[in-house]
Every structure is written in C-alpha cells, then in structure tokens.
Amino acid sequence: MEASVLIMIGAAIMLVGAICFVYRLYEIVQIDARARGFRHPKTWGLFSISSNNGSGLLLYLIKRRKYPIIELSKEDMERIEKGKKAISAAIIFVATGAILIIVSIILK
C-alpha cells in the first residue's frame with residue numbers, strides 16, 4: 001500500500017482516539033465537579049480540556065482538593081468508570097495511529 005494512504009489512515013485513527021479522549025475527559029470532569037458542588041460544572045469540563053498543555057486540567061485538580069465529594073450517585077460512579085475505560089481505549093487508538101504514521105514514514 002502507498003505510504004501516503006497509510007499516513008492518512010493513521011491520522012484518522014489518531015483523530016478518532018483524540019476526540020474520544022477529549023469527550024470522555026470532559027464528561028468525567030463534569031460529573032466530578034457536580035458531585036463536589038462546584039458552580040457551573042460544564043464550564044469546568046470545558047476549561048479542563050481547553051488548553052494544549054493540560055494546565056486547565058491541572059488547575060481543576062488543584063482546585064478540587066478543597067471540595068469534598070458531596071453526592072455521587074451509583075450511576076455517576078459507573079459513568080466515571082466507563083469513561084476511564086474509554087479513555088484507555090482512546091489512548092491506545094492514538095498510539096496505534098502514531099505508530100502507523102511513523103512506520104509508514106520510515107518505510108517510505
């Protein structure tokens with residue numbers, strides 16, 4: 001197969017993994033912020049995924065230390081666990097896409 005086709009396939013796999021990762025991270029932060037009684041949990045979810053270097057997520061993790069979990073339902077806990085598994089799968093997708101791109105560039 002031509003190298004440029006493999007590069008595009010690898011990029012598509014990476015893109016799917018990255019989108020899944022970002023969405024699940026947003027969902028987990030939103031559930032956690034709601035459980036801790038933060039005002040505007042959706043905004044905190046968006047803020048945590050908005051920066052390229054992870055500073056939004058780091059700031060959220062530092063800020064949440066002051067707020068104990070007030071109410072976390074069993075459904076929310078299951079959604080968080082499901083999100084963690086999906087994030088793991090997304091990381092595997094991103095790594096697989098990156099490996100495919102690197103291999104196709106080397107074999108070019």
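Predicted model: local features only at pLDDT ≥ 70, side-chain atom pairs only at ≥ 80, totals over all residues.
Guide: Residues are numbered from 1 along each chain as its sequence is written, and side-chain values use heavy atoms, leaving out hydrogens and water.

Visitor: In which helix does serine 48 lie?

Guide: Helices are DSSP runs (H or I, at least four residues), numbered from the N terminus. Serine 48 belongs to helix α2, residues 41-49.

Visitor: Is serine 48 buried or exposed?

Guide: Buried means under 20% relative accessible area, exposed over 50%, and partly exposed in between, with a 1.4 Å probe and protein chains only. Serine 48 has 3% relative accessibility and therefore counts as buried.

Visitor: Which residues does serine 48 touch, leaving aside those up to four places away in sequence?

Guide: Contact means heavy atoms within 4.5 Å. On that basis, serine 48 touches Val29, Gly56 and Leu57.

Visitor: At what angle do α1 and α2 pack?

Guide: Axes are lines fitted to C-alpha atoms, for helices over the stretch in contact, and angles run from 0 to 180 degrees between N-to-C directions. Helix α1 (residues 3-35) packs against α2 at about 140°, with the axes 8 Å apart. Among the residues making the contact are Val29 of α1 and Ser48 of α2.

Visitor: What does lysine 63 touch, not counting residues up to four places away in sequence?

Guide: Lysine 63, in helix α3 (residues 55-63), touches Phe38 and Trp44. Lysine 63 is partly exposed, at 31% relative accessible area.

How values were computed:
Helix = DSSP H or I, 4+ residues; strand = E, 2+ residues; numbered from the N terminus.
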